[in-house]
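I opened my notebook to look up aromatic residues and the core around them. My entries follow the structure.

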Amino acid sequence: MRAIVLDTPDAVALGRFYQQLLGGELDDRDPEWVTLRGDHLPPLSFQLAPDHQPPDWPNPDRPQQFHLDLTVDRAALDEAEAQVLAAGATKHAHQPGEDQGWRVYVDPAGHPFCLCWD
């Protein structure tokens with residue numbers, strides 16, 4: 001696999017958001033195609049899409065189509081949540097998995113992602 005790519009109206013901003021969450025090195029020389037690389041993750045790229053329409057999950061008219069699951073220690077869950085919120089995420093109103101091991105958030109471009117624990 002070469003990369004995971006997310007569409008966004010601001011590739012640099014979304015790249016910086018995920019860099020805050022995941023660490024790694026951000027190549028943002030081209031504001032239309034930004035890539036985050038790190039030893040512990042596959043390349044994560046952000047592609048400029050000026051007409052990007054964010055998912056409206058769980059609404060089937062604009063489904064999520066794709067999301068990231070980020071693993072955290074259960075004991076550090078509240079700290080991880082504070083970190084993603086401070087970086088610019090929002091906690092999704094729909095939380096179907098808190099009893100099953102995950103919480104749902106939305107990144108600044110509207111893509112859902114989960115903090116998951118065992």
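I looked up Y18 first: Y18 is buried, with a relative accessible area of 0%. Buried means under 20% relative accessible area, exposed over 50%, partly exposed in between (1.4 Å probe, protein chains only).

I noted the source. This is a predicted model, where local features need pLDDT of at least 70, side-chain atom pairs count only at pLDDT 80 or more, and totals for chains, interfaces and linings use all residues. Residues are numbered from 1 along each chain as its sequence is written, and side-chain values use heavy atoms, without hydrogens and water.

Next, I searched the whole structure for aromatic pairs and found five. Rings of Phe, Tyr and Trp (its six-membered ring) pair if their centres lie within 6.5 Å; planes under 30 degrees apart count as stacked, over 60 as edge-to-face, the rest as tilted. Y18 and F46 are stacked, at 5.7 Å centre to centre and 15° between the planes. Y18 sits in helix 1 and F46 in strand 4, 28 residues apart. Helices (H or I, at least four residues) and strands (E, at least two) are DSSP runs, numbered from the N terminus. F46 is also buried, at 0%.

Y18 and F113 pair edge-to-face: 6.2 Å centre to centre, 70° between the planes. F113 lies in strand 8, 95 residues from Y18.

Then I checked the core. The largest nonpolar core has 28 residues, and Y18, L21, F46 and F113 touch the most other members. Such a core is a set of buried Ala, Val, Leu, Ile, Met, Phe, Trp, Tyr and Cys residues joined through side-chain atoms within 4.5 Å. Helix 1 gives the largest share, seven residues.
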